[in-house]
Amino acid sequence: MILILGLLAQAANCVFAFGIPFLVPTLLASEGLSLTQAGMIVAAPSVGFVATLILWGAAADAFGERLIMALGLGSSGVVIGFAAFATRDLAAQFVLFLLAGACASSVNAASGRVVMGWFDATERGFAMGVRQTAQPLGMGLAGLTLPPIADEWGLRAALWFPAGLALVVAGMVAVLVIDPPRENAGDTDTTPAVSPYRGSTLWRLHGASALLVVPQFAVSAFAPVYLVTVQHWDAVRAGWFLAGVQVFGALGRVGAGYWSDRVGSRFRPIRQIACASAAVMLLVALGDASWPWLVVVGLTLAAVITVSPNGLGFTAAAELAGKAWSGRAMGVQNTIQTLTSATTPPVLGLVIVSGGGYAAAFCVAAVFPAVAVVLVPASTSRG
């Protein structure tokens with residue numbers, strides 16, 4: 001039940017955070033916004049999200065997971081509801097979306113903490129892998145619901161859906177979630193007496209996890225436009241193809257977590273997946289320079305492999321930090337990854353338009369997981 005509630009809370013968060021881009025056509029057509037203005041609206045939740053991740057993690061460490069999840073998710077639902085009434089005011093909408101993102105980020109650290117607290121070291125990888133499937137599930141739900149609601153009833157009604165979903169799930173969390181005990185007898189995870197950031201291990205994990213985000217967002221950002229403009233696919237066909245491989249990407253996260261539980265290690269699977277990520281990005285680059293069918297195979301594999309270590313990084317960060325610091329550690333982990341994901345598309349886009357083309361961009365993306373192989377920390381009790 002706790003795992004399901006954590007998954008639902010994270011998915012409700014993702015419906016809003018990743019659902020706004022699906023409303024861009026409505027923002028342009030019915031609200032009269034320019035593409036630049038619509039881009040500002042799309043970016044607003046992410047700005048608020050990044051600004052408060054670590055603060056919410058510290059709050060979860062101090063006050064418990066149920067309160068922070070319910071408070072943050074419920075507040076975001078209320079703010080999104082207010083945003084529905086400000087659809088004609090660009091400044092107000094930007095501020096409200098920013099505040100909603102700032103509130104919603106509470107779920108990231110707190111839901112991870114509650115899952116970590118109720119599963120022991122031999123189950124956490126699998127549990128966190130399941131929790132990490134919330135992102136593709138939330139994106140899928142947003143894609144299926146928000147565009148048709150906006151087409152039929154307008155932007156205001158479309159915003160009421162993530163607002164209502166957030167409020168409903170917040171209520172379920174407040175009633176049903178039970179905070180895990182702060183200390184578990186026989187647990188291999190120990191609470192450090194001092195900050196875990198005094199050493200280099202946790203910083204190295206954060207750095208490696210950030211590097212592994214680059215190939216993931218190289219695929220998600222450029223695969224749609226590549227298939228349409230270079231491979232000459234129909235846009236609908238490309239969309240269905242990429243939606244389908246996201247399902248396998250979600251299964252890859254769960255499989256990687258289960259693998260880490262079975263081998264008693266987080267770092268070894270991360271290191272091996274990093275090697276595979278570098279190799280598959282080179283395969284995509286080779287396909288672009290040679291046979292079209294090879295690039296499709298490469299993109300399919302990349303869509304699964306590059307997202308697989310996400311849950312492992314969060315699990316390892318929480319275990320290294322210990323109970324007293326796990327919320328903050330997951331907040332730092334998510335902050336660094338989010339900032340990296342935001343800079344990846346423009347940097348690789350510059351490589352593409354400067355004359356290097358897609359093959360060069362995919363080769364550049366392969367460098368980052370290769371460096372991550374070296375940066376992944378040496379073994380610890382779960383490494």
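This report walks through the cores, salt bridges, aromatic pairs and a surface patch of one predicted model.

## Before we start

Because the model is predicted, local features need a pLDDT of at least 70 and side-chain atom pairs count only at pLDDT 80 or more, while totals for chains, interfaces and linings use all residues. Residues are numbered from 1 along each chain as its sequence is written, and side-chain values use heavy atoms, leaving out hydrogens and water.

Helices (H or I, at least four residues) are DSSP runs numbered from the N terminus, as are strands (E, at least two).

## Two nonpolar cores

Let's begin on the inside. A nonpolar core is a set of buried Ala, Val, Leu, Ile, Met, Phe, Trp, Tyr and Cys residues joined through side-chain atoms within 4.5 Å. Buried means under 20% relative accessible area, exposed means over 50%, and partly exposed is in between (1.4 Å probe, protein chains only). The largest core here has 33 residues, and Ala9, Leu73, Val115 and Val173 have the most contacts inside it. Two or more residues come from each of helices H1 (2–17), H3 (35–63), H4 (65–84), H6 (106–118), H7 (124–132), H9 (155–176) and H14 (310–321). Helix H1 gives the most, with 7 residues. Another core, of 29 residues, lies apart from this one; Phe222, Val245, Ala285 and Val296 are among its members.

Which residues does leucine 73 touch, not counting residues up to four places away in sequence? With contact taken as heavy atoms within 4.5 Å, leucine 73 touches Ala9, Asn13, Cys103, Ser106, Val107, Ala166, Val169 and Ala170.

## Salt bridges

A salt bridge is a side-chain nitrogen of Lys or Arg within 4 Å of a carboxyl oxygen of Asp or Glu. The whole structure has 4 of them. In one, aspartate 61 meets arginine 328 (2.8 Å, N to O). This pair links distant parts of the chain, since aspartate 61 sits in helix H3 and arginine 328 in helix H15 (residues 326–375), 267 residues apart. Aspartate 61 counts as buried because its relative accessibility is 10%, whereas arginine 328, at 23%, counts as partly exposed.

Arginine 266 has a salt bridge with aspartate 261 (2.8 Å, N to O) and another with glutamate 319 (2.9 Å, N to O). Arginine 266 lies in the loop between helices H11 (235–263) and H12, and glutamate 319 lies in helix H14, 53 residues apart. Arginine 266 and glutamate 319 are both buried, and aspartate 261 is buried too. Through shared partners, Arg124, Asp261, Arg266 and Glu319 join into one network.

## Aromatic pairs

Rings of Phe, Tyr and Trp (its six-membered ring) pair if their centres lie within 6.5 Å; planes under 30 degrees apart count as stacked, over 60 as edge-to-face and the rest as tilted. The structure contains 10 aromatic pairs. Tyrosine 197 and tryptophan 203 form a tilted pair, 4.8 Å centre to centre with 55° between the planes. These two residues and Trp325 form one aromatic cluster.

Tyrosine 226 and tyrosine 358 form an edge-to-face pair, at 4.9 Å and 70°. Tyrosine 226 is in helix H10 (residues 201–229) and tyrosine 358 in helix H15, 132 residues apart.

Which residues make the nonpolar surface patch? Trp291, Trp293, Val297 and Leu301 do, and the patch covers about 440 Å². Patches are made of residues with over 30% relative accessible area and no salt bridge, with like charges joined within 9 Å and nonpolar side chains (Val, Leu, Ile, Met, Phe, Trp, Tyr) within 5 Å. Accessible areas come from the Shrake-Rupley method with a 1.4 Å probe, and for residues only the protein chains shown count as cover. Tryptophan 291 lies in the loop between helices H12 (267–289) and H13 (292–305).
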